[in-house]
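Student: I have a model open and would like to go through it with you. Could we start with the metal and then move on to a helix?

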Amino acid sequence: MEPKLQAILDDVARARGRVVALTGAGISAESGIPTFRGPEGYWVVGSRNYMPQEMATHEMFQRAPEEVWRWYLYRFGVCRLARPNPGHAALVALERALGDRFTLVTQNIDGLHRRAGSERVLCIHGDAAHVRCADGCGAGVTDLPPFAQRGKDDPFTSEDRARLACPSCGGWLRPHVLWFDEYYDEANYRMESALRAAGAADLLLVVGTSGATNLPMQIGRLAFERAAALVDVNPEENPFAELAARASRGFFARGSACERLPAIVAALLA
Ligand SMILES: [Zn+2]
């Protein structure tokens, strides 16, 4: 391990500091889940190709709920087939050792952290395993009803519709995920909890995120302003790497979660 990174991790370990891990699509990509932001995320409706940024919107759900659900049921099936990887496992080990000194904030909706064994997880973009009433009738967040694996061309059926009816009001259930035309909040997406954790962190460990959405970047800036240690794990340059370069205790650990996290966690627990 690079001496500067080792020194930062030793320092955090010695101080028995609080650690916040912020994870994004990069850690899931190593489990085979595509980011759905590139061409692999296109969805054909009639003669048109839709981008994920068009499909994952409240506006589209209002207009074509069956099409949006058909897309999500396919995507959720991809998530279910994926398995957690050594990057996820390293964060479970860190949580088990640090207890309430550890918080995991994730942008991923695939549930891989939970399935790996992480418990203190703030899912700031929601969770594919859950649904809630699209009209907000007060039924609360519940588990996604069971669905068989879907192909891209499988039709949406009347049984699907019945299964996706709100048990309280009979309207549509919606995926419990943050859409591109919606805002972060505490009730559904734990925004304030995530910011509070970041504000108290002695180390922010950023893993596999490009900072494309605004709450992750706010978390990074907050840690930076409070002079927390800042370690960015990513195969590519990104805005968190720039923040880490400017931080007094910052380090850009170039590489993937599977490549870098096991050793980083071992150093924190030494
Ligand atoms: Zn309802």
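Tutor: Gladly, and bear in mind throughout that this is a predicted model.

Student: Which residues coordinate the zinc ion?

Tutor: The zinc ion is held by the SG atoms of C133, C137, C166 and C169, at distances of 2.2 to 2.3 Å.

Student: And what is the geometry of the site?

Tutor: The site of the zinc ion is tetrahedral, with angles of 105 to 116° among its four donor atoms, and along the sequence the donor residues follow the spacing C-x3-C-x28-C-x2-C.

Student: Why does C133 count as buried?

Tutor: C133 counts as buried because its relative accessibility is 5%, and the cut-off for buried is under 20%. C166 is buried too, with a relative accessible area of 4%.

Student: Changing topic, how many residues does helix 11 have?

Tutor: Helix 11 has twelve residues, 214–225, and it spans 16 Å from its first C-alpha to its last, close to the 16 Å expected at 1.5 Å a residue.

Student: Which of the residues in helix 11 are buried, and what do they pack against?

Tutor: The buried residues are L215, P216, M217, I219, G220 and A223, and they pack against strand 1 (19–23), strand 4 (102–106), helix 10 (191–199), strand 9 (203–207) and helix 12 (239–246).

Student: What follows helix 11?

Tutor: Helix 11 is followed by A227, a residue with a positive phi, near 60°.

Terms used: Residues are numbered from 1 along each chain as its sequence is written. This is a predicted model: local features need pLDDT of at least 70, side-chain atom pairs count only at pLDDT 80 or more; totals for chains, interfaces and linings use all residues. Side-chain values use heavy atoms; hydrogens and water are left out. Helices (H or I, at least four residues) and strands (E, at least two) are DSSP runs, numbered from the N terminus. The expected span of a helix is 1.5 Å times one less than its number of residues. Buried means under 20% relative accessible area, exposed over 50%, partly exposed in between (1.4 Å probe, protein chains only). Contact means heavy atoms within 4.5 Å. Donors are N, O and S atoms within 2.8 Å of the metal (3.2 Å for Na, K and Ca); water is not among the atoms, so sites may look incomplete. Four donors count as tetrahedral if all angles lie between 85 and 135 degrees; four count as square planar and six as octahedral if opposite donors are over 155 degrees apart and all others between 65 and 115; anything else is irregular.
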